[in-house]
Each structure stands twice: as structure tokens, then as C-alpha cells.
Amino acid sequence: MQPAHVLLGRKTLENFAAYWPECVNFWPGINEVTKYSLSKIMNKSDWNNSVFLESLSDIENLRKSEGSEIKVWGNGELLQLLFKII
């Protein structure tokens, strides 16, 4: 995996966290990158480098920050929220 932040919907984060830590041969680097998630009900995960965002402004600040690009994996709800800040 190229250096990148990953922005995940909460459900996607939960599903990925249950699978990817044990299957790194199929997606090398996924456990090392920072995984961001916007969630109203979840604020921690045992999956390495998981960071929880509290608001759309947190995503906007992340988008404007210097560094690696952001790859989005999620669902329609996350994408609809992202369209509000583009």
C-alpha cells in the first residue's frame, strides 16, 4: 500500500478491523496506515492506528493538511457527508 490515510465509515471500520489484522498478506501495509473514521457511537478500536473523528470539520481539516493522500472506503452515508465539504 502506498502511504495514505484511509477514511472509513464506522461499519466499514468494524468489518475491516475484524478481518485485516489477520490477513495482511492480501493487503500489505493496511495495519500500518492511519485509519480515520467519523462515528457518533464509536470512539476507539483495537485495530492499530485507528483514529476517530468527531465532526465534518475534522474531516475538512484532515483534507487540508499536508501529507499523504486520503483514500475513502465506506458507504453511501459517508460519501453523502463528504459531498457537503467538497
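This is a predicted model: local features need pLDDT of at least 70, side-chain atom pairs count only at pLDDT 80 or more; totals for chains, interfaces and linings use all residues.
Residues are numbered from 1 along each chain as its sequence is written. Local features need pLDDT of at least 70 and side-chain atom pairs count only at pLDDT 80 or more, while totals for chains, interfaces and linings use all residues, and side-chain values use heavy atoms, leaving out hydrogens and water.

**Exercise 1.** Determine the strand order of the open sheet and which strands stand at its edges.

Solution. Start from the elements: strands (E, at least two residues) and helices (H or I, at least four) are DSSP runs, numbered from the N terminus. The order of the four strands is S3-S2-S1-S4, with parallel pairing. Strand S3 (50-53) and strand S4 (69-73) each have a single partner strand, so they stand at the edges and one side of each lacks a neighbour in the sheet.

**Exercise 2.** Locate the salt bridge of arginine 10 within its helix.

Solution. Apply the criterion first: a side-chain nitrogen of Lys or Arg lies within 4 Å of a carboxyl oxygen of Asp or Glu. The whole structure holds three salt bridges, among them that between the side chains of glutamate 14 and arginine 10, at 2.8 Å from N to O. Both residues belong to helix H1, four residues apart, about one turn of the helix.

**Exercise 3.** Classify the lining of the largest pocket.

Solution. By class, the lining has five nonpolar residues (Ala, Val, Leu, Ile, Met, Phe, Trp, Tyr, Cys and Pro), five charged (Asp, Glu, Lys and Arg) and three polar (the others, Gly among them). Helix H3 gives the largest share of this lining, three residues.

How values were computed: Two strands pair if DSSP finds at least two bridges between them.
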